[in-house]
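Biologist: Please take one part of this model and go through it closely, side chain by side chain. I would like to know what sits there and how open it is to the surroundings.

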Amino acid sequence: MATAMFRSSIRSALRGGAPRVTPASKRTFASHSSVHEEAREAAKWEKITYAGIIGCTVLAVINLSKGHPHSDEPPAYSYLHIRNKEFPWGPDGLFEVKHH
């Protein structure tokens, strides 16, 4: 099958036959709009983008300015296992420096 297609393409190339493109086989885009309509559409979306940026910035400033609650004492999480025992080498540290 592949060899038949290869031979066919070689024959058409040797005959000088280029593939013909008909207007119906050309790819067309969904909108057949003019340059002015496309420019208006781009300007519209640019305005929508700037409005969205301003709106999101305002909402972020409002939310961040509210702050969040603080507590004086940290919550007593059971998994922390805080140990308040003295170190075996004393409170001065393991490598204490003795001055004469």
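Modeller: Glu 41 and Lys 44 are both in helix H2, three residues apart, which is about one turn of the helix. This is a predicted model, and in it the two side chains meet in a salt bridge, with 3.1 Å from N to O. Side chains of opposite charge can pair when their charged atoms come close. The structure holds one salt bridge. Glu 41 is partly exposed because its relative accessible area, 38%, falls between the 20% and 50% limits. Lys 44 is likewise partly exposed, at 39%.

Helix H2 covers residues 35–65, and Ile 62 is found in it. Ile 62 belongs to a nonpolar patch on the surface, together with Ile 54, Val 58 and Leu 59. The accessible area of these four residues together is about 380 Å².

The side chain of Ser 65 reaches the backbone oxygen of Ile 62 at 2.9 Å. Ser 65 is exposed, with a relative accessible area of 60%.

As for the setting of this helix, the protein chain has two helices and zero strands. Of its 100 residues, 1% are buried. The chain exposes about 10,600 Å², and carbon and sulfur atoms supply 63% of that area.

How values were computed. Residues numbered from 1 in each chain as written. Predicted model: local features only at pLDDT ≥ 70, side-chain atom pairs only at ≥ 80, totals over all residues. Heavy atoms only, no water. Helix = DSSP H or I, 4+ residues; strand = E, 2+ residues; numbered from the N terminus. Buried < 20%, exposed > 50% of the residue type's maximum accessible area, 1.4 Å probe, protein only. Areas by Shrake-Rupley, 256 points an atom, 1.4 Å probe, with all protein chains shown as cover. Patch = residues over 30% accessible without salt bridge, like charges linked within 9 Å, V, L, I, M, F, W, Y side chains within 5 Å. Polar contact = N/O pair within 3.5 Å; in protein donor to acceptor, adjacent residues only side chain to side chain.
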